[in-house]
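I opened the model and kept notes on what I looked up. The entries are in the order in which I made them.

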Amino acid sequence: MSRKAIEARKPVEHVAITGMRLDKFLKISRIIKRRSVANDACSTGHVTVNGKEGKPGTEVKVGDILGIRFGDKYSEYEIMSIAEHAAKQDAADMYRPRV
């Protein structure tokens, strides 16, 4: 049996993700399309996490409130789930806009 076949038969371990870097979450959830832009937005003070300034490496978790300011527009989002990867159609389920 080949090594590839042996690896395919091993059970897959699913690791529950409890937190993620802020810039990575913004990119995976598609709130911001590119991670470099997300990193810049965080570094320049345009993003807050639970009312505090969020740096790119800030750990975010389910239930956190993100505030994002682009020009005159300010939006708030509540994190509903965190995933390492998300398909385009599933990305919007990772957060909920706040009114």
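**Ground rules.** I am working with a predicted model, in which local features need pLDDT of at least 70, side-chain atom pairs count only at pLDDT 80 or more, and totals for chains, interfaces and linings use all residues. Residues are numbered from 1 along each chain as its sequence is written, and side-chain values use heavy atoms, with hydrogens and water left out.

**Confidence.** I looked up pLDDT, the predictor's confidence in each residue, from 0 to 100. The protein averages 89, and 92% of the residues score at least 70. I took helices (H or I, at least four residues) and strands (E, at least two) as DSSP runs, numbered from the N terminus.

**Asp-64.** I found Asp-64 in the loop between strand 4 (59-60) and strand 5 (65-70). Is Asp-64 buried or exposed? Asp-64 has a relative accessible area of 5%, so I list Asp-64 as buried.

I then checked polar contacts (a pair of N or O atoms within 3.5 Å; within protein, one must be able to donate a hydrogen and the other to accept it, and residues adjacent in sequence count only if both atoms are side-chain atoms). The side chain of Asp-64 has such a contact with the side chain of Asn-50, at 3.0 Å. The Asp-64 side chain also reaches the backbone nitrogen of Lys-61 at 2.9 Å. Setting aside neighbours within four places in sequence, I list contacts (heavy atoms within 4.5 Å) of Asp-64 with Val-49, Asn-50, Glu-59, Tyr-77, Glu-78 and Ile-79.

**Aromatic rings.** Rings of Phe, Tyr and Trp (its six-membered ring) pair if their centres lie within 6.5 Å; planes under 30 degrees apart are stacked, over 60 edge-to-face, the rest tilted. I count one aromatic pair by this rule. Tyr-77 is in strand 6 (residues 73-79) and Tyr-95 in strand 7 (residues 95-98), 18 residues apart. Both tyrosines, Tyr-77 and Tyr-95, are buried.

**Positive phi.** Most residues other than glycine have a negative phi. I noted Asn-50, with phi near 55°, in the loop between strand 2 and strand 3 (52-53). Asn-50 is partly exposed at 44% relative accessibility. Arg-30 has phi near 65° and sits in the loop between helix 2 (22-28) and helix 3 (35-43). Arg-30 is partly exposed too, at 30%.

Technical notes: Buried means under 20% relative accessible area, exposed over 50%, partly exposed in between (1.4 Å probe, protein chains only).
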